[in-house]
Amino acid sequence: IHPMYMPRAQQSDLDALEAQVQACLADPRFLAIGEIGLDFFVPELCTEAMRARQEAFYVAQLELARRHSLPVLLHVRRSQDQLLKHLRRIRVAGGLAHAFNGSFQQAAGFIDLGFALGMGGAMTFGRALQVRRLAAQLPMEVLVLETDAPDIPPAWLGGPGLPRARNEPSEA
C-alpha cells in the first residue's frame, strides 16, 4: 500500500494484502512487498495525523514481509531516518530503497540492513550534485539503475521549466 494512497487506505486493505500475499507465495514471480514506505514531501501527507497513519501502515507491511521472509521495495521521500528506525526494529529480508536521495550515512544504514539503492532519472539533472557524489562513493553492487517509468524522466526528456515527455524503460 503505497504512501500516496494513505488518504483513502483502510484497515481492510491490510487484510486484503495479507490474503493476496498468501495466495501468491507459491508463484516464483512473486518477489517482494512494495512499493511501501513513507512520503514526507507531499504536503497533504505531512500532517501529524497523516504521518502517523503512514507509519502505522508501513510497520504493518514490514511485519507482513517479515512473516513471509520477503524483501521490501521502499518509497523514500524525505523519510530516510524514519524508515531506518523501523527497519532496525523490524528486520526484513532486505530489499530496495527506490529513488534514493539521502546522505552517505543514511545510504550506509540501508546497505547494512541488506538494501540496494535505486537511482535513475533524478541524478541526470544538473542540480543533482549530491546524489551523483553519493553514487560515486558507493560500491557498484549496491546500486540499481531505475527508469521508474513513466515517472522521474531523465533530463533529456524534460526537466524543470521544460515540457515533460513520458518516461519509458528504454531510457535507462
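Mentor: Let's start with Arg29 and Asp27, whose side chains meet in a salt bridge, with N and O 2.9 Å apart. Keep in mind that this is a predicted model. How open is each partner? Arg29 has 71% relative accessibility, so it counts as exposed, the cut-off being over 50%. Asp27 has a relative accessible area of 25%, which makes it partly exposed.

Now go to Arg77 and Asp39, another salt bridge, this time at 3.4 Å from N to O. This pair ties together distant parts of the chain: Arg77 sits in strand E2 (residues 72-77) and Asp39 in strand E1 (residues 33-39), 38 residues apart. Is Asp39 buried or exposed? With a relative accessible area of 0%, Asp39 is buried, because anything under 20% gets that label. Arg77, at 30% relative accessibility, is partly exposed.

Next come Arg166 and Glu168, whose closest N and O atoms are 3.4 Å apart in a salt bridge. Arg166 is exposed, at 60% relative accessibility, while Glu168 is partly exposed with a relative accessible area of 35%. How many salt bridges are there in total? The count comes to four, and the Arg166 pair is one of them.

To place those in the fold, let's turn to the helices. Two packed helices are described by the angle between their axes and the distance between the axes. Take helix H1 (residues 11-24) and helix H2 (residues 48-67): they pack at about 15°, with axes 11 Å apart. Because angles under 35 degrees count as roughly parallel, H1 is roughly parallel to H2. The crossing of H1 past H2 is right-handed. Which residues do the touching? From H1 you have Gln11, Leu14, Leu17, Glu18 and Val21, and they meet Phe57, Ala60, Gln61, Leu64 and Arg67 of H2. Sorted by class, the contact of H1 with H2 holds six nonpolar, two polar and two charged residues.

While you're on H2, find Leu62, which belongs to that helix. Leu62 has a relative accessible area of 0%, so it's buried. What does Leu62 touch? Leaving out residues up to four places away in sequence, Leu62 touches Ile36, Val72, His86, Leu87, Ile90 and Val92. Pick Ile36 from that list: Leu62 and Ile36 are 26 residues apart in sequence, and their C-alpha atoms are 8.6 Å apart in space.

Helix H3 (residues 80-89) and helix H4 (residues 104-112) pack at an angle of about 25°, with 10 Å between their axes. That angle makes H3 roughly parallel to H4. H3 crosses H4 in a left-handed way, whereas H1 crosses H2 in a right-handed one. On the H3 side, the contact with H4 uses Gln80, Asp81, Leu83, Leu84, Leu87 and Arg88, and on the H4 side it uses Gln106, Gly109 and Phe110. Those contact residues split into four nonpolar, three polar and two charged.

Methods. Residues numbered from 1 in each chain as written. Predicted model: local features only at pLDDT ≥ 70, side-chain atom pairs only at ≥ 80, totals over all residues. Heavy atoms only, no water. Axes fitted to C-alpha atoms, helices over the stretch in contact; angles between N-to-C directions. Helix = DSSP H or I, 4+ residues; strand = E, 2+ residues; numbered from the N terminus. Parallel < 35°, antiparallel > 145°, perpendicular 65-115°, else oblique. Left-handed = near helix turned anticlockwise from the far one by under 90°. Contact = heavy atoms within 4.5 Å. Nonpolar A, V, L, I, M, F, W, Y, C, P; charged D, E, K, R; others polar. Buried < 20%, exposed > 50% of the residue type's maximum accessible area, 1.4 Å probe, protein only.
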